[in-house]
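Subject: Structure for your review

Dear colleague,

Please find the structure below, handed over for your use. A written account of the findings comes after it.

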Amino acid sequence: MHDRHLITLTVNDEEHEVVVEARRTLLDVLRHDLRLTGAHAGCEHGVCGACTVLVDGAPARACLLFAVQAEGSALHTVESLAAPSGELSDLQQAFSRHHGLQCGFCTPGFLMLAEGWLAERAATGAGEPDREEVREVASANLCRCTGYQTIVDAIADTARTRLAAPGETA
Ligand code: FES
Ligand code: FES
């Protein structure tokens, strides 16, 4: 039985038409159909967060969404963070500066988790987060290299510098 749907996905501000079976996850379609391989397939059960992307600005686990559910939403993957010139975003630079990545497998998920959270905080006018708040956010994702301290450092540093220089995010 064929259960295929023609859908339009808006990813990183570009529209893509794809034909997908209803059972296919957003993660699979991003990685295999659109060749956006930044979102990683870790547990594929919603546990590790390696597949985190932004759906209408909010972090979401792409392995828990069907691609057909994402039609009509603005999707952003880790590929959207760097400038077209290749210059890394402020958050990516902070991860590098603080050694917030070891093998790097979890990094795209942490970046998108943090990006969504930082943007949401900025929109509400919240001030500088304390370390406990950042730790709470980071605890949503798993790092098998256990680099949590440096990941928290990188996110906290980005929050601080964005508050000091609003609007400069690269
Ligand atoms: S791959 Fe999606 S949460 Fe682990
Ligand atoms: S840096 Fe290796 S899993 Fe996090």
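The paragraphs that follow describe the overall fold, the surface and a few selected residues.

Please note that this is a predicted model.

Overall architecture

The chain contains 5 helices and 5 strands. Read from the N terminus, the order of these elements is β-β-α-β-β-β-α-α-α-α. The radius of gyration is 16 Å, close to the 15 Å that the globule rule gives for 170 residues, so the chain is as compact as a globular protein of that length. The C-alpha trace spans about 55 × 30 × 30 Å along its principal axes.

Of the 170 residues, 44% count as buried. As for contacts between residues at least 6 apart in sequence, 56% of them join residues at least 24 apart.

Surface, charge and cysteines

The chain exposes about 9000 Å², and 51% of that area is supplied by carbon and sulfur atoms. There are 13 positive and 24 negative side chains in the chain. The centres of these two sets lie 7 Å apart.

A search for disulfides across the whole structure finds 0. Cys 145, with a relative accessible area of 24%, is partly exposed.

Helix α1 covers residues 26-33, and its buried residues are Leu 26, Leu 27, Val 29, Leu 30 and Arg 31. The cover over these buried residues includes strands β1 (4-11), β2 (14-21), β3 (52-55) and β5 (74-76). After α1 comes Arg 35, which has a positive phi, near 60 degrees.

Helix α2 is formed by residues 90-97. Its buried residues are Asp 90, Leu 91, Gln 92, Ala 94 and Phe 95. These buried residues pack against α3 and against α5 (148-164). Just after α2, His 99 adopts a positive phi of about 55 degrees.

Leu 113 and Ala 140

Leu 113 belongs to helix α3, which runs through residues 107-124. Its relative accessibility is 9%, so Leu 113 counts as buried, the limit being under 20%. With neighbours within four places in sequence left aside, Leu 113 is in contact with Thr 52, Pro 59, Val 137, Ala 138, Ala 140 and Asn 141. Leu 113 and Val 53 are separated by 60 residues in sequence, while their C-alpha atoms are 7.4 Å apart in space.

One of these contacts, Ala 140, sits in the loop between α4 (131-138) and α5. Ala 140 has a relative accessible area of 33% and is thus partly exposed. Apart from neighbours within four places in sequence, Ala 140 is in contact with Val 47, Arg 61 and Leu 113. Ala 140 and Phe 110 are 30 residues apart along the chain, and 8.9 Å separates their C-alpha atoms.

Yours sincerely

Technical notes. Residues are numbered from 1 along each chain as its sequence is written. Chains are lettered from A and ligands numbered from 1 in the order in which they are written. This is a predicted model: local features need pLDDT of at least 70, side-chain atom pairs count only at pLDDT 80 or more; totals for chains, interfaces and linings use all residues. Side-chain values use heavy atoms; hydrogens and water are left out. Helices (H or I, at least four residues) and strands (E, at least two) are DSSP runs, numbered from the N terminus. The radius of gyration is taken over C-alpha atoms; the globule rule is 2.2 Å times the number of residues to the power 0.38. Buried means under 20% relative accessible area, exposed over 50%, partly exposed in between (1.4 Å probe, protein chains only). Contact means heavy atoms within 4.5 Å. Accessible areas come from the Shrake-Rupley method with a 1.4 Å probe; for residues, only the protein chains shown count as cover. Lys and Arg count as positive and Asp and Glu as negative; His and the chain ends are not counted. The place of a charge is taken as NZ of Lys, CZ of Arg, CG of Asp or CD of Glu. A disulfide is a pair of cysteine sulfur atoms within 2.5 Å.
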